[in-house]
Amino acid sequence: MNKTTPLILSSLLALGLLSPAHAAGPNDAQIAAIVVAANTVDIDAGKLAEKKAHDKDVRAFARRMVADHSGVNKQAVALVQKLHVTPEENDTSKSLTQGGATTRTRLEGLSGKAFDKAYVDNEVTYHETVLDALDKTLIPNASNAELKALLVKVRPAFVEHLEHAKHIQAELK
Amino acid sequence: MKTLLIAALWLPLLAGAAEHRVVIDAMQFSPQVVEVKPGDTIVWENRDMFVHNVTGAAAGVSSGDLAPGKTWRYKVRAGASFDYLCTLHPTMKGRVDIAKPPKHAPTR
């Protein structure tokens, strides 16, 4: 087991609850809470990496994650307010938040190149997992057309972030 | 006579500088390749919900950051075609293909 495995496991555990445990699928209020929690987790990891990352490309990537995911959350919050939907915390959103906290604690204990590698590895897994959740759970279950459209609209950003993270991951090796 | 004919054929190109639009949306430049000629203008329009930029370092082309809803106009100079990208999202790439003037340009 390498050093990054616990990070990856915590991310997978958090988002893994999206599929089998929710056979009926989340409702729109729950989806809203999941979206906000997922973005917040990455914003918080990014803020930590902005301060701690050793490599300038990793720091730039972290800055971009904070900016882009804050943008998604802003749009999501504006939409739920417009739709008069109150985000409803659920097992998935809570697990995401908890998984994010576990990841941050582990990252805080690392420094230098070990931090960079762990952060970027986690970003690759995180974006892969969120993309899977978007495609299999969140987009198919969104019933409000505007909420579904927002999820579809943000999807390419997750694809770009994943490719960007993979590129940095390869450079760090 | 031949020179006059070539000049006549080339004149509409000189007179009609065109405007080309490139839409930035869903983490892509569309169209990805824009074919232009010197004197034309390219307008990049950011319709995405994220900040982007248009940067062709080798050609000295830089829009600076374009917030959602912003546009950037660039007048094409004679020179080599160039690739560009969004430095904030480096997987977003595009190209400006600049047509070369005919070899026997008219002289007056």
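**Figure 1. Burial and fold of chain B in the predicted model.** In this predicted model, buried residues account for 38% of the 108 residues in chain B. Chain B contains 1 helix and 9 strands, and these elements follow one another along the sequence in the pattern α-β-β-β-β-β-β-β-β-β. When the contacts in chain B between residues at least 6 apart in sequence are considered, 49% of them join residues that are at least 24 apart.

Figure 2. B:Ala26, which sits in the loop between strand 1 (19-25) and strand 2 of chain B, has a phi near 50 degrees, a positive value in a residue other than glycine. B:Met27 is found in that loop between strand 1 and strand 2 of chain B too, and has a positive phi of about 60 degrees although it is not a glycine. Which of the two terms, buried or exposed, belongs to B:Met27? With a relative accessible area of 7%, which is under 20%, B:Met27 counts as buried, whereas B:Ala26 is partly exposed, with a relative accessible area of 31%. The loop between strand 2 (28-30) and strand 3 (33-36) of chain B holds B:Pro31, and the peptide bond that leads from B:Ser30 to B:Pro31 is cis, with omega near 0 degrees.

**Figure 3. Salt bridges within chain B.** The side chains of B:Glu19 and B:Arg21 form a salt bridge with an N to O distance of 4.0 Å; B:Glu19 counts as partly exposed at 48% relative accessibility, and B:Arg21 is partly exposed as well, with a relative accessible area of 43%. In another pair, B:Asp83 forms a salt bridge with B:Arg95, and the closest N and O atoms are 2.9 Å apart. B:Asp83 belongs to strand 8 (residues 82-86) of chain B and B:Arg95 to strand 9 (residues 89-98) of chain B, so this pair ties together parts that are 12 residues apart in sequence. B:Asp83 counts as exposed at 53% relative accessibility, while B:Arg95 is partly exposed, with a relative accessible area of 28%. Salt bridges that share partners also join B:Glu19, B:Arg21, B:Glu45, B:Arg47 and B:Arg73 into one network.

**Figure 4. A salt bridge between two helices of chain A.** Over all chains, the structure holds 16 salt bridges, and one of them brings together the side chains of A:Asp44 and A:Arg104 at 3.7 Å, N to O. Because A:Asp44 lies in helix 2 of chain A and A:Arg104 in helix 4 (residues 91-108) of chain A, the pair ties together parts that are 60 residues apart in sequence. A:Asp44 counts as partly exposed at 26% relative accessibility, and A:Arg104 is partly exposed too, with a relative accessible area of 23%. Helix 2 (residues 28-52) of chain A is also the place of A:Ile34, which is buried, with a relative accessible area of 1%.

**Figure 5. Members of the largest nonpolar core.** Which residues of the largest nonpolar core touch the most other members? Of the 64 residues in this core, they are A:Tyr119, B:Phe29, B:Ile42, B:Trp44 and B:Val96. Helix 5 (residues 112-141) of chain A gives the most to the core, with 11 residues. Leaving aside residues up to four places away in sequence, A:Tyr119 touches A:Ala45, A:Gly46, A:Ala49, A:Val58, A:Phe61, A:Ala62, A:Met65 and A:Leu107.

**Figure 6. The contact between chain A and chain B.** The contact takes 14 residues from chain A and 11 residues from chain B, and the area buried between the two chains is about 1,100 Å², of which carbon and sulfur atoms give 67%. On the side of chain A, the residues that lose the most area to chain B are A:Arg64, A:Lys153 and A:Glu160, which together make up 50% of what that side buries. Between chain A and chain B there is 1 salt bridge, in which the side chains of B:Asp25 and A:Lys153 meet at 2.7 Å, N to O, and the count of residue pairs in polar contact is 4. Helix 3 (56-82) and helix 6 (145-172) of chain A are the elements that give two or more residues to the side of chain A that touches chain B, and helix 6 provides the largest share, 9 residues. The residues of this side of chain A divide into 5 nonpolar, 4 polar and 5 charged.

Definitions and conventions
Residues are numbered from 1 along each chain as its sequence is written. Chains are lettered from A and ligands numbered from 1 in the order in which they are written. This is a predicted model: local features need pLDDT of at least 70, side-chain atom pairs count only at pLDDT 80 or more; totals for chains, interfaces and linings use all residues. Side-chain values use heavy atoms; hydrogens and water are left out. Contact means heavy atoms within 4.5 Å. Buried area is the accessible area (1.4 Å probe) that two parts lose on being put together, summed over both. A polar contact is a pair of N or O atoms within 3.5 Å; within protein, one must be able to donate a hydrogen and the other to accept it, and residues adjacent in sequence count only if both atoms are side-chain atoms. Helices (H or I, at least four residues) and strands (E, at least two) are DSSP runs, numbered from the N terminus. Ala, Val, Leu, Ile, Met, Phe, Trp, Tyr, Cys and Pro count as nonpolar, Asp, Glu, Lys and Arg as charged, and the others, Gly among them, as polar. A nonpolar core is a set of buried Ala, Val, Leu, Ile, Met, Phe, Trp, Tyr and Cys residues joined through side-chain atoms within 4.5 Å. Buried means under 20% relative accessible area, exposed over 50%, partly exposed in between (1.4 Å probe, protein chains only).
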